[in-house]
Amino acid sequence: MLLRDPLVTEHPILPSISYRIVSVRFFLLAVAVVSLLAVGCGTAPDDGAAGEESDAATTETATSSTDDDDLHAQICQQIDATVGLNDGFDVPGVAGAPRWGMPDGDGAAPAKRRVRRSWSSLDAAEKKRVVDAFIALKNTTASSGGLGSNRAVYNSFCDELGLEAYDHNLYDFYVEAHANAFVSMMTPYQNHNNMAHMAPQFVVWHRYLLLRMEADIAEVIGDPAFALPYWDWTDCYDDGDPATCGQIFERDFLGLGGSCDEADTAVEGYLSEQGFGTHVYTNGESSFSPESIVCAQRPVHRAVGCSAYVDGPPDQAAIDGIFDRKIYDAEPYNSCDTDRDVSFRQYLEGFSNDETRPYCVATGCYMHGRGHGYVGGDMDGSSASPNDPIFFLHHAQVDRLWAAWQDANLASGDAGRQVDVGNPGFPDDYLGALFNFTEVRASELLDYRALGYEYDRLPVPGDG
Ligand SMILES: [Cu+2]
């Protein structure tokens, strides 16, 4: 079941590039995370929607565009060379509930309409309830015998790799599924065409992940109207300090923002005090590889506002940019060639094909990728990023922007923009089965209202 060799040792190009960036460790991480399948590396002008980063990149490298193109090409060639290194995994299994969370999902999906609200609009009791729900999932173990424990029976990397076993539970199911989505990108059997990242199913796959978790929580806490909150990134600007974002990272709830000292990033606060931590994570040096997987308990790690590559989560101007992209997705899909000007999905996921900062080529430094980089720690370029519960609030925001974009298309009066429930250009080839959850089809996930939920408020064009 295992991979062959650790990839970095096979690619002598690495040392020649790494001197250019802040941290060799980050570069290793970056290349690892990408996993991908770049088909080649073109260049094209960026729209500068997040111009501050583009400017920073230019200043940082201070080289001619030819050198930048060369660097981009080098990074992408290295990524190309990693394809097919791993063998396949079947992690996790779906425990007899493959459609859990769908409206007809195995007979127990939430029956009530759910309204997802902004985290910052919740009162203290509501916030505590959400955090307690994450803890409750962690405590719904395969051996607990409680409601939902049947779905906590799944295959785990820790077992597959002969590492420290843990009592499988409804929370770490998502960590394992997400890690597997990355590791599997490096197998000979998968490519970006049907994967959860750097592909048309990016927002679709994560929409299902949220639905499934919402259904888990609804059952475990006994509230069929439970809805995950979302992290409205602009809240971090409203409170005046995007470097720390005290509106989101609070000691009493999700916990503080960690630290920029790499040795001290453990999250302080209620979450950690309740014993919420990891069972499986990656060591941060080769996140696409099974060799990077560590099975051990520790607190969640965060380094909010510490990234050298992004400064704050996406702002209102960046969010407004979704409405300028009229097509859902366009080839090429991979992170090396993707053009942020072309499609909604590529813009939202956050890659840019004129990036020369290795970390950003690999993980994406705009929109969704920018949020991951901003939070840092477990969220930063790790295939096990769902270890930090902010992952689910972050992806609820990503999903919310998709919903807003769909609604704008549906309301446009333009027949060309109303196809596929407001997803013009959604490639037919990718409307089929999801990775890991093959009994759920992407085509079933386009109409969010039909899935039983909505948002308290959607951004509209020109909002900010
Ligand atoms: Cu993801």
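1. A quick definition to start: a residue is buried if 20 or more other C-beta atoms lie within 10 Å of its own, exposed if 12 or fewer, and partly exposed in between, with C-beta atoms placed from the backbone. Keep in mind that this is a predicted model, where local features need pLDDT of at least 70, side-chain atom pairs count only at pLDDT 80 or more, and totals for chains, interfaces and linings use all residues. Numbering runs from 1 along each chain as its sequence is written.

2. Have a look at helix 7, residues 172-183. (Helices are DSSP runs of H or I, at least four residues, numbered from the N terminus.) Twelve of its twelve residues are buried, so helix 7 is largely enclosed by the rest of the structure. Among them are Asp172, Glu176 and His178, along with Phe173 and Val183.

3. Next, helix 5 (residues 124-139) and helix 8 (residues 202-221): their axes come within 10 Å and cross at roughly 90°. Axes here are lines fitted to C-alpha atoms over the stretch in contact, and angles run from 0 to 180 degrees between N-to-C directions. That makes helix 5 roughly perpendicular (65 to 115 degrees) to helix 8. Ala133, Ala136 and Leu137 of helix 5 meet Asp216, Ile217, Val220 and Ile221 of helix 8; contact means C-beta atoms within 7 Å.

Notes: Helices (H or I, at least four residues) and strands (E, at least two) are DSSP runs, numbered from the N terminus. The expected span of a helix is 1.5 Å times one less than its number of residues. Angles under 35 degrees count as roughly parallel, over 145 as roughly antiparallel, 65 to 115 as roughly perpendicular and the rest as oblique. Two residues are in contact if their C-beta atoms, placed from the backbone, lie within 7 Å.
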